[in-house]
Amino acid sequence: MLTSLFNSFFDGISIGSVLLLSALGLAVVFGLMGVINMAHGELMMLGAYTTFVVQNAFKPLGQPWFGAYIFVALIAAFLVTALLGLVLEKGVIRHLYGRPLETLLATWGVSLILQQFVRSVSWVMMLGLVVFCGFFFGAMTLLSRRSHFQRIRGWAITMLLPLSAGIAWAASSTLGQKYQLAVTKPWFGAQNVDVTAPGWLRGGIRLLGAYQMPYVRLFILSLTIICILGMYVFLQRSVWGLRIRAVTQNRSMSACLGIPTQRVDALTFALGSGLAGIAGCAVSLLGSVGPNTGQNYIVDTFMVVVVGGVGKLVGSIAAAMAIGIANYLIGANALSPLVAWFPPLANLLEFFANSSMAKVLVFALIVTFLQFRPAGMFPQKGRTVDA
Amino acid sequence: MVDSTSISPATPQPLLDIANLNVYYGESHILRSVDLSVGPGKMVCLIGRNGVGKTTLLKTILGLLTPRTGMITLEGTPLRRKTPDQRARMGIGYVPQGREIIPGLTVQENLILGLEARPQGRGKSQTIPEQVFQLFPVLQSMLGRMGGDLSGGQQQQLAIARALMGSPRLLVLDEPTEGIQPSIILEIEAAVRRIIETTGVSVLLVEQHLHFVRQADWYYAMQKGGIVASGPTSELSNQVIQEFLAV
């Protein structure tokens with residue numbers, strides 16, 4: 001019985017580490033910046049798709065190169081999602097700081113766009129996007145060098161938007177007619193795609209009796225630890241980390257101290273998005289990847305940040321582990337043998353002993369917990385709260 | 001009372017010059033045709049009852065509020081299109097009302113943040129000049145403590161020290177003695193006086209504490225968003241004090 005409990009505990013830690021890795025980016029974006037980013041799950045999904053693309057690029061190289069693709073995928077997933085996060089911050093979030101409801105709606109819209117994007121993206125669509133961005137932003141950059149740009153800005157946007165869209169449409173439809181299916185076929189489509197773990201991540205390590213901890217789970221656990229340590233060192237020891245901590249606590253005063261707050265905001269959001277990409281890369285090793293992959297994680301990740309205490313990294317760690325372990329202990333029915341002497345409780349636990357019902361009970365426990373500790377497990381303390 | 005157009009401390013080339021400044025909150029006209037100047041190495045005090053627009057004026061100088069009309073220049077350079085961080089790097093140091101110490105950073109980190117305002121950038125410098133500890137010895141023993149855990153007086157000293165770290169040319173102080181115990185007020189007064197003497201920095205001070213006001217070279221009195229009186233503080237009459245200071 002003790003062995004089974006111990007095994008469940010290990011499985012819980014493993015689930016907790018996945019939760020934590022997914023929540024880490026949100027702990028930066030929501031916890032530090034206060035931005036409710038509903039597209040966080042879709043950034044994870046894009047990280048997972050980036051892994052799929054890198055895996056396919058490495059396949060023809062064969063072994064031993066294929067075994068190393070995951071490391072390239074981790075870097076690529078971070079860079080792709082960080083870049084997208086940067087664009088998202090500059091294009092959407094920057095204009096909505098201090099307006100949480102609008103931010104929530106706008107990022108939810110972005111999440112739907114990204115889901116549809118991976119379903120529909122093809123060479124033709126990509127070419128259209130590139131041509132549109134090249135013409136529109138190129139022309140805007142050229143015009144912005146003129147001294148009276150502010151006066152003609154509205155006029156320029158009104159003229160350039162339909163013009164760039166028209167050129168992009170003409171270019172992509174010409175290409176589509178010439179090469180047809182080769183360029184109009186979606187890259188990924190609506191179907192889920194599979195990421196194959198490298199050979200050295202298959203199998204597992206025997207811990208207790210028949211219990212085997214898969215290498216993939218150990219890899220994700222190690223990745224989570226590396227990301228947390230990296231984040232801690234970056235935030236606590238680097239110049240940009242200090243700037244981020246200052247701006248997230250007092251934006252206007254930080255600006256008055258000479259800190260370029262807009263650059264700090266952009267970097268923070270890009271960092272949080274990049275971490276979502278790494279999480280996406282990790283979860284792609286656990287199951288198939290689809291346009292809805294991010295939706296499976298978004299609620300859990302928000303729960304981790306809120307239960308831990310907004311703005312507290314250590315809180316997110318504790319909350320992810322607690323939620324992960326509670327989920328597994330309840331879902332795997334590991335607790336009912338312990339309370340077998342009290343049949344009504346044992347029966348109740350048995351009733352919740354599957355993954356969806358376990359989630360219901362865990363959420364109920366979280367709601368109850370937040371009634372008593374609304375600021376989470378690690379709330380701000382002392383004069384710091386009012387300062 | 002004087003006409004605002006005649007107001008000017010006797011300095012040929014002011015460090016800070018404000019001309020015909022008008023600021024609105026929505027449609028509410030807050031600052032009305034404000035003219036003000038601060039000479040190099042001078043201490044200028046802005047007095048007036050609560051709600052007359054003193055803090056609004058300071059926030060406009062710092063770039064936190066945008067004026068509808070008017071001109072602000074620092075050594076002849078217009079500040080209109082400059083963001084607050086650019087203005088800080090141009091040499092405007094700010095000690096806000098309520099101190100606004102970054103609570104979750106240590107005293108040392110708060111001080112190091114002050115280096116960001118240096119015109120040449122902070123580079124890799126993390127050194128706190130000895131002069132800061134000479135002015136505020138209490139900070140030396142508290143470097144590892146969280147800024148938010150300090151008392152009001154200690155936070156005020158930290159806020160001034162933090163502003164000094166950027167080697168400002170103009171130090172803007174917004175009610176630095178508000179809510180501070182009398183013995184600390186005297187320490188802060190002495191420190192500000194010493195800062196001007198040793199660094200030659202100009203100071204624009206908003207203050208209600210009469211003793212501190214008298215330390216300044218020049219005063220401007222505000223009422224209903226406009227400057228209504230000014231002159232050397234040595235000529236501050238009892239009538240002006242009673243009318244514009246909450247004493």
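Biologist: What area is buried between chain B and chain A, and what percentage of it do carbon and sulfur atoms give?

Modeller: In this predicted model, the area buried between chain B and chain A is about 2100 Å², and carbon and sulfur atoms give 61% of that area. The contact draws 26 residues from chain B and 20 residues from chain A.

Biologist: How many salt bridges does the rule find across the interface of chain B and chain A?

Modeller: Two salt bridges are found across the interface of chain B and chain A.

Biologist: What makes the meeting of Arg245(A) and Glu109(B) a salt bridge?

Modeller: The side chains of Arg245(A) and Glu109(B) meet at 2.9 Å, taken from N to O. The rule asks for a side-chain nitrogen of Lys or Arg within 4 Å of a carboxyl oxygen of Asp or Glu, and the pair Arg245(A) and Glu109(B) at 2.9 Å therefore counts as a salt bridge.

Biologist: Turning to the helices of chain A, why is H12(A) called roughly parallel to H15(A)?

Modeller: Helix H12 (residues 295-308) of chain A packs against helix H15 (residues 355-372) of chain A at an angle of about 30 degrees, with the axes 11 Å apart. Because angles under 35 degrees count as roughly parallel, H12(A) is roughly parallel to H15(A). The crossing of these two helices, H12(A) and H15(A), is left-handed.

Biologist: Which residues in H12(A) meet which residues in H15(A)?

Modeller: From H12(A), Asn296(A), Val299(A), Asp300(A), Met303(A), Val306(A) and Val307(A) take part, and they meet Lys359(A), Phe363(A), Ile366(A), Phe369(A) and Leu370(A) in H15(A). Sorted by class, the contact of H12(A) with H15(A) holds eight nonpolar, one polar and two charged residues.

Biologist: What makes H13(A) oblique to H15(A)?

Modeller: The axes of helix H13 (residues 313-331) of chain A and H15(A) cross at roughly 135 degrees and come within 9 Å. Roughly antiparallel would need an angle over 145 degrees and roughly perpendicular one of 65 to 115 degrees, with angles under 35 counted as roughly parallel and the rest as oblique, so H13(A) is oblique to H15(A). H13(A) passes H15(A) in a right-handed crossing. On the H13(A) side the contact includes Ile323(A), Ala326(A) and Ile330(A), while on the H15(A) side Leu361(A), Val362(A) and Leu365(A) are among the residues involved. The residues of the contact of H13(A) with H15(A) divide into eight nonpolar, two polar and one charged.

Biologist: How do you know that H12(A) and H13(A) are oblique to each other?

Modeller: H12(A) and H13(A) pack at an angle of about 120 degrees, and their axes are 7 Å apart. An angle of 65 to 115 degrees would count as roughly perpendicular and one over 145 as roughly antiparallel, and H12(A) and H13(A) are therefore oblique to each other. H12(A) passes H13(A) in a right-handed crossing.

Biologist: How many nonpolar, polar and charged residues has the contact of H12(A) with H13(A)?

Modeller: This contact of H12(A) with H13(A) has seven nonpolar and three polar residues, and no charged residues.

Biologist: Which residues does a cis peptide bond join, and what is omega?

Modeller: Gln63(A) and Pro64(A) are joined by a cis peptide bond, for which omega is about 0 degrees. Pro64(A) lies in the loop between helix H2 (40-58) and helix H3 (69-91) of chain A.

Note on methods. Residues numbered from 1 in each chain as written. Chains lettered and ligands numbered in written order. Predicted model: local features only at pLDDT ≥ 70, side-chain atom pairs only at ≥ 80, totals over all residues. Heavy atoms only, no water. Axes fitted to C-alpha atoms, helices over the stretch in contact; angles between N-to-C directions. Helix = DSSP H or I, 4+ residues; strand = E, 2+ residues; numbered from the N terminus. Left-handed = near helix turned anticlockwise from the far one by under 90°. Contact = heavy atoms within 4.5 Å. Nonpolar A, V, L, I, M, F, W, Y, C, P; charged D, E, K, R; others polar. Buried area = accessible area lost by both parts, 1.4 Å probe.
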